[in-house]
Amino acid sequence: MDDWCTTGRRGWWQVLFFILCPCALDSVTGQARYSIPEEQSEGSIVGNIGRDLGLEVKRLVAGKARIITKGARQYVDLNRDKGLLVVKERIDREELCGQTTPCSFSFELIIENPIQLYRVTVEVRDINDNTPCFPKDEINLEISESAVFGARFSLESAVDPDVGVNGIQNYSLKPTNHFKLEVHSQPDGVKYVEMILENPLDREKQETLSLVLTATDGGEPQRSGTVRIAITVRDVNDNAPVCGQPVYKANVNENSPVGTFVTTLSANDADQGVNGEVTFSIAHVAKEAKELFELNVATGEIIVIGKLDFEKTKYYQLNVLAKDSGSLSDTCKVVIQITDENDNVPTIQLMSFSNSIPEDSPPGTTVAVINVEDADSGINGVVQCTINADIPFKIESSLTDYYTIVTESPLDRETVSEYNVTISVSDEGSAPLSSNKNITVKISDMNDNPPKFDQPVYNKSIQENNSPGFSIFSVRASDADWGQNARVSYFLDDKQVNGVPVSSFVSVNSENGAIHAVRSFDYEQIKSFQFNVTARDGGSPPLSSVVAVRLLVQDQNDNAPQVLYPVQTSSSLVAEMVPRSADVGYLVTKVVAVDVDSGQNAWLSYKLQKATDRVLFEVGLQNGEIRTIRQVNDKDAVKQRLTVVVEDNGQPSRSATVNVNVAVADSFPEVLSEFTDFTHDKEYNDNLTFYLVLALAVVSFLFITCLVVIISVKIYRWRQSRILYHSNLPVIPYYPPRYADTLGTGTLQHVYNYEVCRTTDSRKSDCKFSRPCSQNVLIMDPSSTGTMQRMQSEKNILDEPDSPFEQKPPNADWRFTQGQRPGPSGAGGPPEMAMGTGPWPNPPTEAEQLQALMAAANEVSEATATLGPGTMGLSTRYSPQFTLQHVPDYRQNVYIPGSTATLTSNPQQQQQMVMQQQMVAQQQALQAQPSEASAQPEPPKAAQTPASKKKSTKKEKK
């Protein structure tokens, strides 16, 4: 390593260092080469890179010299402090390069400031560290004993990972009695081995041979590997099989089961393997024997495959042929003797059997009757019958070969519901035969067990304020019986709890025993109660049992504390006085509160929520005592208001507040002067203020809504009145024929139909009669024949301008005289009124109108029962039809309050008036013809009603 060039001595490290010019390598400043043997330990020195490259240690340290490798593994590391290359990881040449020679790896050394790059190559020399080995530990060969001289057998070569002289150099074989060894080399240097037969093999003398093949290398120290060669000599078929006996004899019992062993034949063959395998076969035998016996061709074993019967055949003879794989064979005979036995099994026949018996059956009850038979004779036909002993039954012999099974002890279905009875029968032969028969006896249930609850007493709890129908828990009762006898129903026993039936507290589900709460429980009213639940089965008769249930109501924090003192009243003011000379800890008052809950829900605590002066008073957390916490001075206000919160310890907690008025004064008059306006404190409750504001908003909204609706209705009515006021809508009367008053009473016996058009406010408009419309007239009297002619004549009259059918004053012919009519209008009037002419003298007042309407209603109610085919009806275009009968005349006309329509009565008088008026009108027409020629005819006007008179009067005033 001290030389700058390669030295060439073996066993020493060889170092090759080259310094190349920068012109030769563009990026590599220098290059170094080292040679080391493989398998060096970690930390071994590879070379002094600093000295070999002419670099000082300071330069390596200052330049941060480091090694850069291209592969994933780094075998060499740099020690910058000493400038040495050391082995970082064990180097295995065989792993690194395999069979490649020479073996080397390269890496770069880089130095910074300035950057310098050096390439370093390390050659790894091989050492003899691997032993030659064969692929297998043992080589197995099969060679026939007839193999010829000089036969060659190729062997697998050994493998040595080392190279050169350290590789495999020689092979040897021991012993060499029958074989010799030849080693051949291939052009690529690989050697293979062949084994040559020199002496013939004889299997009868030596069946196997064992040889050892050894491979050695040329390294120092020399290493070698061995493999064992096992040679098996194959046989040749040169020997015939020989039977062990010429005649075989065997005895077989009759009725032997299939597969019964009879005997085994044997034959020897000196050959081995396939040549020594002997097969057996049956030749020249009857078909019956072939169906009863089977010969194993490989082992020579004879077994029974059919049913042997001594009564049919006593012996059988078989001829057997033994043959090897070749054509060599031998024969022998087999004689099989059949031995008589007790071969008939007793049989069991069930003559009578009850598969179900009640559990209350008495001992001695017959269950089954059986018959037992055995086809054998003599002692082999003697039969014994028994049953298993672990059941409450016994077997009795009644007749020859007949047995009876009866009950021996009481039965209980709840203990054992069914029994498996095994009937065993056996004979007394030398080899006894037996048979069994199983029967199942079921025990039918009887209702002999009452229901049984799983607990003697139930203690359950429920939280108060539960919802009705809440399932509290379930009681369970079991019944050991079966079927309907085990079906349990649950019932609630009648009982009073605090004078109330228990059924008003709880209910029981009859199917599953679930107990539900009927009501919501209140711990403060009832803390616990007890009731009984009955469980009854479905048997006949039913059995029942009772269990007590105690239900405890658990308290919840559902009640807020109640303040007992000080009492809060709105009518009077209560104040506590504190003298100004009071010391610290002076007891002002004590807030007393209670909570109807229990336990920790009733634990109360007091705290001061609001105070005029917090630094003057305090309240006891547990006792509610209000005390002073400092000395009272002159600056303290006389009026003090304290708000104390009383809170319980429940979850969630509930609280109550109380206001305590405190007067800081020494005399009572001073307190009165200061507390005159204390009751008018303007600190309102937040909730109360909210509700007041909400109520005010709702009332305001309703008021505005009502106001808008009223205004809208008024506007609508005003518009309707304006529309109808400007229109002349007539009222057309229709007078049906045959209208004479047949009874002479002056009442209306016929139907009058009116088509009235009026405004919504009839007090401010007139009612006019229009022409009759035939399509709107309902004829009530079917016997009338002159209706259409009468209508036609009336139409001609109505068409005239001065038609007498205009509204006229009412007639005087009515039920009541003028003096008998109600109201001040019944007084005597001018003569024109008595004659039925002229307007109404005095308009009726509101009271008169109401009185007239009530009188008309009374008359209608009196005459309802006497209504005949002739009635008076009023139909309008805007209102339904109604009927009036026996209505008294009010000023000769029926005046409807609130309407301008006037109804006239007595059609006969009206007809007479019409005729008179027609005659007068004709005379006046003849006199006024010259004057009417120049004047325009005016349309007919309706008679004035009290409403129209008022209207005209108002217009005149305007």
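Strand S20 and strand S23 (residues 315-324) pair in the antiparallel sense over 5 bridges, where two strands are taken to pair if DSSP finds at least two bridges between them and where strands are DSSP runs (E) of at least two residues, numbered from the N terminus. Within this pairing, Val278 stands opposite Asp324 in S23. The two strands belong to an open sheet of 4 strands with mixed pairing, in the order S17-S24-S23-S20, whose edges, pairing on one side only, are strand S17 (247-253) and strand S20 (278-282). The model is a predicted one, in which local features need pLDDT of at least 70 and side-chain atom pairs count only at pLDDT 80 or more, whereas totals for chains, interfaces and linings use all residues. Residues are numbered from 1 along each chain as its sequence is written, and side-chain values use heavy atoms, with hydrogens and water left out.

Buried here denotes under 20% relative accessible area, against over 50% for exposed and partly exposed in between (1.4 Å probe, protein chains only).

The torsion about the S-S bond of Cys97 and Cys103 is about 70 degrees, so the disulfide is right-handed; both Cys97 and Cys103 are buried. By contrast, the sulfur of Cys332 is 3.9 Å from the closest cysteine sulfur, that of Cys243, which is too far for a bond, although Cys332, at 5% relative accessibility, also counts as buried.

Leu608, found in strand S48 (residues 604-611), is buried with a relative accessible area of 19%. Leaving aside neighbours within four places in sequence, Leu608 is in contact (heavy atoms within 4.5 Å) with Arg614, Phe617, Val619, Leu642, Thr643 and Val644. Leu608 and Gly620, 12 residues apart in sequence, are separated by 9.0 Å in space, C-alpha to C-alpha.

How values were computed. Disulfide = S-S within 2.5 Å.
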